[in-house]
Amino acid sequence: MNWTAEQKKAIELRNKNILVAAAAGSGKTAVLVERIKRLILEDRCPIDRMLIVTFTNAAAAEMKEKIEKAISRAIKDISERTEAAGGKMSDKDRQDLIFLKKQTELLPAANISTFHAFALDVIHRYFYLTDIEPNFRICDTSQQTILKGQAMDELLEEYYQTGEPEFFDFLKKFSGDRNDNRLREMIEKAYDTIQSLPEPFKWLDNSVEAIDVDFEAFMESPAVKYMIWDFSENLDRAILRLKDNLTKTQTEGLAGAEELAALDMAVAEGLRRRAEDGDFDSLREALEDFKLPIMSKKYFSPEKNGGESVELSSIKEYMEKSRNVLKDVVSSAKKNCFYDTAENLWLEVKATQPDVRYFAGMIKDFSRIYDSLKAEKGLVDFNDIEHRAYEILQDEEAAGFFRNKFRHIFIDEYQDSNVIQEALIGTICRENNLFMVGDVKQSIYKFRLAEP
C-alpha cells in the first residue's frame, strides 16, 4: 500500500505518545493495524505485550481479524520469497517465520478488547484489592433498569416517611404538582452522568463547595469560562457562514451585496474580539447592543450589482439564511447565559447552594441503596467494572504489572472514550507508548458520556 507522508509518519514514529486525528475514510484504522504489524515484524514486539482497545465487541473481533490477515500476509511473503529462491530460506526469514507463527498462536488470547473487557481482566487478576466478590455476575440492561427503579422507590419512600421539611420544599421547587417523576429523572440522570468520572462522589462534593465562592473566584470559574467559550464556538460557526456570503458576493461581482456582507462580518468580528477579551459583562453589553445592518434596497440595486439581468432575490435569500444563523447564536446566548450581569449571576448561583447540597445528598443515598441491591444479588454493572478497575490501579503493584506488561497501548475511535476510561489508561501507560486514532466529527457516544 502507498502511504501518504503523514500516514507513514504515524506508522513509523517511535518513543512518543501519538494522537492521529483524521477524517472518516482517511485510513486511521489501517494505519493503526500497519503500525501493529511493523512493531511485530520490525521491533519484534509480541502481540501479547500490546493492549488494543476498541469500543464494541464487534470492533474488537474485526480488529483481531485485520491483524491476523496482516500477519498471514507477512508469512505468505516469506513463503513466496523462499519459493523464488529455489526453496532456500534466509536466516532472517526463518527467525521471522518462527516469530510470526508464534503470534498467530498468541492472537486469540491477545488483549484486543473493549474498555470493559480490559477492566474485567484487571478485576479478575486483583479482585482481592476491591470489595467485589470473585464470583460476581454482570447485570444486563434489563436487570439494571429494574434495580434502579427499585432503588428509586426505596429512596423516595425513605424521604417521604422521614417527612423532613427540606425534602418537601425541594420537591415543590423541582418536581411537578401531581407526581415526583421529574425528581426521579433528575436523580437518575445526575447519578448516571457522574459515573463517567473516576471519583464521582469526590467530584460531587467539590462541585457543591465550588458554588460558595467570592465574586472574583466565580469570574475565574470553569462555569463562566465555559459560557464564554461556548458562545465563541457557536459564533465561529456563524462567522464561517458569513464568510461564505462575502466570498460568494465577491466571486459574482455583486458590489452592493458585498458591501453588506462586509458590514455583517465587521459586526461578527466585533463580537469575537469581545469574547476573546474574556470579560463577561463587556461581552454581555455587546450582545445587548447587537444589531445587523438592515437589508435595504441600496445593497441590492441592479446599478450596484451588475445590472438588471442579475438574479438578486436568490443572493438576498442566501445571505439572509447565514445572517439568521448569527442572530440565533446571539439570541440563544442572551437567553441562556448572558441574561443578567455577572454579579447578579454570581448571587443567583450562590443562592442555589442549599438546594444543590440537598440534591447531592439524595444522589448519594440513591447510590447507597442501588449498590446494596446489587450486592444482595452478587451483581455489578458496567460502571462498577470501570470504577473498581480504576480503584485497583491506584495500587502501584497492580498498575506496575500492567505498565510493564504492555509495551504498547492502542486506542481506536478515541473520540468515544470518557473521563473514567481516560483515567484507566492513564494509570498504566508510559510517556512514550500510547497510540490513539480518532475523529471528533465521528463521535456517536455522547449519550454514553463520551468526551470527544
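Reply: Helices and strands are DSSP runs, numbered from the N terminus: a helix is H or I with at least four residues, a strand is E with at least two. This is a predicted model, in which local features need pLDDT of at least 70 and side-chain atom pairs count only at pLDDT 80 or more, while totals for chains, interfaces and linings use all residues. Residues are numbered from 1 along each chain as its sequence is written, and side-chain values use heavy atoms, with hydrogens and water left out.

Start with the general idea. Side chains of opposite charge can pair when their charged atoms come close. Here a salt bridge means a side-chain nitrogen of Lys or Arg within 4 Å of a carboxyl oxygen of Asp or Glu. That rule gives 36 salt bridges.

Take Lys 148 and Asp 192. Their side chains form a salt bridge at 2.6 Å, N to O. Lys 148 sits in helix α6 (residues 141-162) and Asp 192 in helix α8 (residues 181-194), so this pair ties together parts 44 residues apart in sequence. For accessibility, buried means under 20% relative accessible area, exposed over 50%, and partly exposed in between (1.4 Å probe, protein chains only). Lys 148 is buried because its relative accessibility is 7%. Asp 192, at 25%, counts as partly exposed.

A second bridge joins Arg 184 and Asp 153, at 2.8 Å from N to O. Arg 184 belongs to helix α8 and Asp 153 to helix α6, so the pair links distant parts of the chain, 31 residues apart. Arg 184 is partly exposed at 25% relative accessibility. Asp 153 is partly exposed too, with a relative accessible area of 41%.

Glu 391 pairs with Arg 388, with the closest N and O atoms 4.0 Å apart. Both residues lie in helix α17 (residues 382-392), three residues apart, or about one turn of the helix. Glu 391 is partly exposed at 44%, whereas Arg 388 is buried at 16%.

Some bridges join into a network. It links Lys 8, Glu 12, Glu 34, Lys 37, Arg 38 and Glu 42.

Next, the cysteines. A disulfide is a pair of cysteine sulfur atoms within 2.5 Å. The structure holds zero. For Cys 429, the closest cysteine sulfur is in Cys 45, 16 Å away, which is too far for a bond. Cys 429 is buried at 19% relative accessibility. Cys 337 is buried as well, at 16%.

On the surface, Tyr 128 is exposed, with a relative accessible area of 52%. It lies in the loop between α5 (115-125) and β4 (137-138).

A cavity is a set of points, on a 1 Å grid over the protein atoms alone, where a 1.4 Å probe fits but cannot get out; lining residues have an atom within 4 Å of a point. Grid points are joined across faces, edges and corners, and the volume is the space filled by probe spheres set on the points. One cavity of 30 Å³ or more is found. The largest cavity has a volume of about 40 Å³. Its lining includes Lys 16, Arg 35, His 408 and Phe 435. Strands β6 (408-411) and β7 (434-438) are the elements that each give two or more residues to that lining. The largest share, three residues, comes from β6.

Technical notes:
On a 1 Å grid over the protein atoms alone, a cavity is a set of points where a 1.4 Å probe fits but cannot get out, and a pocket is an open set with protein on both sides within 12 Å along at least five of seven lines; lining residues have an atom within 4 Å of a point.
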